[in-house]
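Visitor: Could you walk me through this one while I look at it? I'll ask as I go.

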Amino acid sequence: DTLVASAKIKNTGKYKAKEIVQLYICDVKGSCVRPEKELKGFEKIELDVGEEKTISFEINEQMLKYWNKDLNFVAEKGEFQVFIGKDSSCLPFASFNLI
């Protein structure tokens with residue numbers, strides 16, 4: 001099935017702005033070493049001064065898969081963290097469990 005992760009993005013500056021909103025996912029405890037955060041989606045937006053938009057990303061099991069040590073493309077059950085922001089240092093996060 002599909003999970004939807006959303007974030008509100010607001011232009012608090014003095015000028016019209018363009019931003020690339022990025023989605024990162026972290027497998028909290030995998031059976032092998034994986035990147036701390038993996039880029040799984042992005043969307044380029046433009047905001048007028050004071051404008052706010054809600055940006056949503058669909059997350060499916062296919063996005064959680066990786067090649068394991070036996071060369072099988074798998075998604076392991078467990079906890080995942082989702083980050084949405086302008087770069088990989090974005091905080092806070094939400095979490096979900098793949099069961």
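**Strands and a pocket**

Guide: Strands here are DSSP runs of E of at least two residues, numbered from the N terminus. The model is predicted, so local features need pLDDT of at least 70, side-chain atom pairs count only at pLDDT 80 or more, and totals for chains, interfaces and linings use all residues. Residues are numbered from 1 along each chain as its sequence is written, and side-chain values use heavy atoms, with hydrogens and water left out.

Visitor: How many bridges join strand 2 to strand 7?

Guide: Six bridges join strand 2 (residues 17–27) to strand 7 (residues 78–85), and the two run antiparallel. Two strands count as paired if DSSP finds at least two bridges between them.

Visitor: And which strands form the open sheet, in what order?

Guide: Four strands form the open sheet, in the order 3-2-7-8, with antiparallel pairing. Its edges are strand 3 (38–47) and strand 8 (94–98), each of which pairs on one side only. From one strand to the next the twist averages 20°, where axes are lines fitted to C-alpha atoms and angles run from 0 to 180 degrees between N-to-C directions.

Visitor: How many helices and strands in the protein?

Guide: The protein has zero helices and eight strands.

Visitor: Switching topic: what lines the largest pocket?

Guide: Its lining has 14 residues, and Ala7, Phe83, Ile84, Gly85 and Pro92 lie nearest the centre. A pocket is an open set of points on a 1 Å grid over the protein atoms alone, where a 1.4 Å probe fits, with protein on both sides within 12 Å along at least five of seven lines; lining residues have an atom within 4 Å of a point. Strand 1 (2–10) and strand 7 each supply at least two residues of that lining.

Visitor: How much space lies in it?

Guide: About 190 Å³ lies in the largest pocket, the volume being the space filled by probe spheres set on the grid points, which are joined across faces, edges and corners.

Visitor: Is Pro92 buried or exposed?

Guide: Pro92 counts as exposed because its relative accessibility is 67%; exposed means over 50% relative accessible area, buried under 20%, and partly exposed in between (1.4 Å probe, protein chains only). Pro92 sits in the loop between strand 7 and strand 8.

Visitor: And how far apart are Pro92 and Gln81?

Guide: They are eleven residues apart in sequence and 9.8 Å apart in space, C-alpha to C-alpha.
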